[in-house]
Amino acid sequence: MSDARDTLFRYLTLLQLIPRYPGRIATPVLKEKLAERGFNIDVRSLQRDLSQKLSSHFPLGCDDSEKPYKWYFDRDFQCHLPALDVPSALTLVLAEEYLKGLLPPVVVGQLSSHFTDARRLLDELASNGLSQWARKVRAIPNGMALIPAELEETTWQTVAQALLEQKAIDVTYLSRTTETNKHFTLHPQGIVSRHSATYLLAQVEGFSDLRQFALHRVKQVALSDVKWQATEAFDIDAYIQGGAFGYRQGPGDVTLEAEITRSVAWLLQETPIADTQTIEALPDSKWHRLTACVPDDQQTLWWLMGMGANVKVIAPAAWRDTLKANAEQVLAQYQESVTTA
């Protein structure tokens with residue numbers, strides 16, 4: 001009885017490890033991952049489980065174009081273990097709405113089967129108010145949202161596999177600087193999604209520095225025969241906090257002091273700009289005083305520019321001068337356009 005139970009659990013674990021198409025997983029990798037979970041099985045037995053036992057009951061596919069063989073589920077395969085409940089379904093619908101404006105369609109598509117299950121469950125609830133869920137659920141981006149850059153499905157699959165399995169990749173990459181295709185062997189270290197683009201953090205073969213590659217500008221990609229190399233002491237959080245994506249103007253933080261309108265004060269009291277912020281009403285005034293420790297980067301400066309006349313920066317002095325000069329330039333451009341008209 002114990003052997004039968006162990007076999008059942010091994011089958012369930014094996015099914016959890018196999019991705020949907022276009023994802024694929026090689027037989028040796030499956031054997032290794034099963035061993036990590038306490039199931040030691042030889043390759044021949046594993047192949048028999050896949051090709052005879054499981055394939056007869058589940059829509060398993062096998063890419064036998066090259067060895068080792070790679071396994072996958074049919075793209076439309078649905079699994080309902082455990083069953084989806086109504087709150088989870090609504091959460092998934094909201095997540096899909098939000099992710100559509102944040103990630104490339106091919107990345108969101110990896111979760112399409114879960115989103116389909118959620119919509120199907122809600123559509124079937126004709127006996128209660130949730131049958132009209134499509135008219136009741138929205139996710140609105142904060143500010144102007146650009147449409148995510150298009151990303152090839154095979155690019156995402158190969159890069160994700162290389163990152164997780166620590167493998168180098170050979171890529172053809174469109175350089176924005178030279179507007180020409182360049183060929184690199186890259187050593188993936190991380191992936192960052194920022195606004196409407198997704199970036200691969202990688203070392204270029206022969207160099208030790210970390211560089212950013214926009215995945216939508218990757219024209220061709222394949223796993224490389226070159227041995228993968230790690231970036232020494234790489235920490236993705238420290239890398240981001242160091243200003244890699246924030247266009248830092250200084251190594252540390254600065255103390256932002258500003259006068260803000262009542263509406264901005266409400267906004268920042270509910271969604272603070274920093275953990276350290278303080279806001280106090282100025283006596284006999286409609287303005288409030290904001291003090292906060294913020295990064296010395298252009299992201300924060302651009303946010304202040306977007307606030308327009310609702311914010312008066314007092315310090316840092318350099319930021320105040322920059323905002324004043326920008327306002328004067330904008331005003332001059334509008335005056336010039338009126339004059340020429």
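Ground rules. Residues are numbered from 1 along each chain as its sequence is written, and side-chain values use heavy atoms, with hydrogens and water left out. Because the model is predicted, local features need pLDDT of at least 70 and side-chain atom pairs count only at pLDDT 80 or more, while totals for chains, interfaces and linings use all residues.

Overview. The protein has 341 residues, and 35% of them are buried. Buried is under 20% relative accessible area, exposed is over 50%, and partly exposed lies in between, with a 1.4 Å probe and protein chains only. The secondary structure comes to 11 helices and 12 strands. These are DSSP runs, numbered from the N terminus: helices are H or I, at least four residues, and strands are E, at least two.

Now contacts, meaning heavy atoms within 4.5 Å. Take those between residues at least 6 apart in sequence: 60% join residues at least 24 apart.

On to the cores. A nonpolar core is a set of buried Ala, Val, Leu, Ile, Met, Phe, Trp, Tyr and Cys residues joined through side-chain atoms within 4.5 Å. The largest has 30 residues, and Trp156, Ile169, Val171, Leu186, Leu200, Phe213 and Leu215 have the most contacts inside it. Strand S6 gives the largest share, 6 residues. Look at Leu215. Beyond its neighbours within four places in sequence, Leu215 touches Leu151, Thr155, Trp156, Val159, Thr198 and Leu200. A second, separate core has 18 residues, including Val264, Ala265, Val311 and Val313.

Next, a sheet. Three strands form an open sheet in the order S1-S3-S2, with antiparallel pairing. Strands pair if DSSP finds at least two bridges between them. S1 (25–26) and S2 (60–63) are the edges, each pairing on one side only. S1 meets S3 (residues 70–73) over 2 bridges, in the antiparallel sense. Ala26 stands opposite Lys70 in S3.

Last, cysteines. How many disulfides does a search of the whole structure find? The count is 0, taking a disulfide as a pair of cysteine sulfur atoms within 2.5 Å. Cys62 is partly exposed, because its relative accessibility is 28%. Cys293 is also partly exposed, at 34%.
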